[in-house]
Amino acid sequence: MRILISLVSSSTPTGLHLLSFSRRLHTKISPFSTLIGLKPPPAMAASEDSLRRSLAEKQSSIESQGNTVRTLKAANAEKATVDEAIEKLNALKLDKSVMEKQLQAAVNGNGPDGSINKEAFRQAVVNTLERRLFYIPSFKIYRGVAGLYDYGPPGCAVKSNVLSFWRQHFVLEENMLEVDCPCVTPEAVLKASGHVDKFTDLMVKDEKTGTCYRADHLLKDFCNEKIQKDLTISAEKAAELKHVLAMLDDLSAEELGAKIKEYGITAPDTKNPLSDPYPFNLMFQTSIGPSGLSPGYMRPETAQGIFVNFKDLYYYNGNKLPFAAAQIGQAFRNEISPRQGLLRVREFTLAEIEHFVDPEYKSHPKYSEVADLEFLMFPRERQISAQSAKKIQLGEAVSKGIVNNETLGYFIGRVYLFLTRLGIDKDRLRFRQHLANEMAHYAADCWDAEIESSYGWIECVGIADRSAYDLHAHTVLSTVYDRPLQYLTFYGGYQKLVIAPVKKELGLAFKGNQKKVVEALEAMNEKEALDMKVSLETKGEVEFYVCTLGENVTIKKNMVSISKEKKKEHQRTFTPSVIEPSFGIGRIIYCLYEHSFYMRPSKAGDEQLNVFRFPPLVAPIKCTVFPLVQNQQYENVAKIISKSLTAAGISHKIDITGTSIGKRYARTDELGVPFAITVDSISSVTIRERDSKDQIRVDVEEAAPVVKSVTDGHRTWADVWASFPHHSSGSAED
Ligand code: AMP
């Protein structure tokens, strides 16, 4: 999806350049020739690449051996010689078919043992999700509508858990100001934000039937299909197609149209020719009130509700910066041809934060709490130079300027913690920096939290430093405020970090290198400088790496003064910058489903059972209560425990049917319920943990408090396992 940006700097009626209105997603400002100039991205795994080469070599060996056989036969060579040549030919063919299987496995992404491919895995997950009503295609009894889904009971519970953790992790932790604005939005607001003119995707039409397709999707399908199904294409052709895939988001309408023609792509359903690509606005249009005179749209994002309320929120916050506002709500995008299940839908829940900050002071007081985190990052330099994502310490990324500023770094770290605590696998989560040509020109820096799923790497959270763009746009276009909505006059003092190298001492110590040391000291960020200050005060000297010298030097206390000075500044006028983390809740939840799903054999080994290993935090139901057999006394105990669980606020399910306990466990494992209390006596009960299937025995009165302590995270299962007698399940799980 993109907001297409006119390269001509045509002006809007307000005098602002259309370029300034680019909002979200991929801003096309570089010609394709520049993109072609980039090295192909690191998409092709070495094994796939070498398999394609070996396969091509094997094919030419087969052809030449085939010629040998034919020549020998034509020359009436001895039977033994012909047989030997045929045997060699057959051996080569056998090798080729083994290689084809290996290549097919490599492109399908099968596991190392070739066990399950991505599609089969996805099918298993989706079948379970639909059968257990995590989600339901909306309006199913009327054949449904593409891109619209209902969440059924467990899906609703998971979503509500994810949102309440989001509120706790972000809104509560940062004292954010939460708002709740309408979905129906008047045109003027979305005109100012740029959506009315620019919130578009490129569409092509079947020239005969008029059926619409998303142009980049058709090109994407063509490339993927060729790579995955045509094993005869050369390694070079595969690399070219992968390069096109990597650059897909950056292609202009003309470039997309040219590629579609070059590859001979036609309408998938009819094979009819396609029109040239043209932009289609993704907003659902409506009109507000009966007259039809007041046009409006269903909001495509929640952020604008915060921007238009900025002045009041700033006042509510005591006229102080920085502060953040947050909103959770529905967003609507009329996707051209929604596919990929819950990942691309026409109505979805967004959770957005707008953190307003003085553009000159983007440090964050809690930055040090996340600076040591290390995770997969994919800076633009690595993307451009065909390298893959790499584990980088966040603090290092900020201090080296890879991440533009501390506040952006702080939110990247907080998003990492949020997603991994939900249960997203940290090895299938990466933070990818936008390429320069993907970012709007006003944006200082943008990173996407991408999660790997069976559909590939999916953008689930966008984290962008959008500078002052949105507030500025509304200031100019708002018809109500007589003074600018967002220009702040800043009174009073603030703390400014002052690094003052003592040049005389540095000159004495470093002679000709003095200049480089001074520059390196002055270039320190706030955290580095404050760390140095502490070391100098405690130890008197510190080792300091000067990158322009490529070595460490010893800085002594008398060589630099580092202080935080109170600076008085009156009437500085500025527009706050905004740092915006934007979470697609449905996408996060779907990826969580895939990361949590696994299958294990039943005890008898005759069946594969599905399990979601949700952490208690997100599990739709935290606990089940089962009387082992149908018996009034056990049922009474089960009801008592159920009452205590309700009183403790633990969502649970009581099942007094006579079904075998093994079947009841399997049913709830499939819903991801982490704990099961089984009543097998009137004084004590067992508690089973879903993934290990381990059971402990506790007194009836202890059951609810133990489950509460582990679901609240006060204790781990290992803690309770160490504290209570173990119970052996015997044949119960059958
Ligand atoms: P954007 O404003 O386009 O950056 O989108 C913000 C977030 O919304 C993305 O990071 C996605 O997680 C999510 N998102 C965008 N479009 C869709 C869609 N059609 N269906 C589901 N989630 C979406």
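A residue is called buried when its relative accessible area is under 20%, exposed when that area is over 50%, and partly exposed in between, using a 1.4 Å probe and protein chains only. This is a predicted model, in which local features need pLDDT of at least 70 and side-chain atom pairs count only at pLDDT 80 or more, while totals for chains, interfaces and linings use all residues. Residues are numbered from 1 along each chain as its sequence is written, and side-chain values use heavy atoms, with hydrogens and water left out.

**Aromatic pairs**

- Rings of Phe, Tyr and Trp (its six-membered ring) pair if their centres lie within 6.5 Å, and planes under 30 degrees apart count as stacked, over 60 as edge-to-face and the rest as tilted; the whole structure holds 30 aromatic pairs.
- Phe-222 and Tyr-263 are stacked, because their ring centres are 5.0 Å apart and their planes stand at 15 degrees.
- This pair links distant parts of the chain, 41 residues apart, with Phe-222 in helix α8 (residues 215-229) and Tyr-263 in the loop between α10 (253-262) and β8 (278-281); helices (H or I, at least four residues) and strands (E, at least two) are DSSP runs, numbered from the N terminus.
- Phe-222 is partly exposed at a relative accessible area of 22%, whereas Tyr-263 is buried at 11%.

**Around Tyr-455**

- The rings of Tyr-455 and Tyr-590 form a tilted pair, since their centres are 6.1 Å apart and their planes are at 55 degrees.
- Tyr-455, in the loop between β16 (445-453) and β17 (456-465), is 135 residues apart from Tyr-590, which belongs to helix α20 (residues 585-596).
- Tyr-455 is partly exposed, with a relative accessible area of 25%, while Tyr-590 is buried, with 3%.
- Arg-122 lies over the face of Tyr-455, at 3.7 Å from the ring centre; a charge sits over a ring if NZ of Lys or CZ of Arg is within 6 Å of the ring centre and within 35 degrees of the ring normal.

**Strands**

- Strand β25 (residues 597-601) and strand β26 (residues 608-612) pair in the antiparallel sense over 5 bridges, where two strands pair if DSSP finds at least two bridges between them.
- Tyr-598 has Val-611 in β26 as its bridge partner, and in this hairpin, with 6 residues between the strands, Gly-605 takes a positive phi near 75 degrees.
- An open sheet of 3 strands runs in the order β5-β10-β9 with antiparallel pairing; β5 (184-186) and β9 (285-287) stand at its edges with a single partner strand each, so one side of each is left without a neighbour in the sheet.
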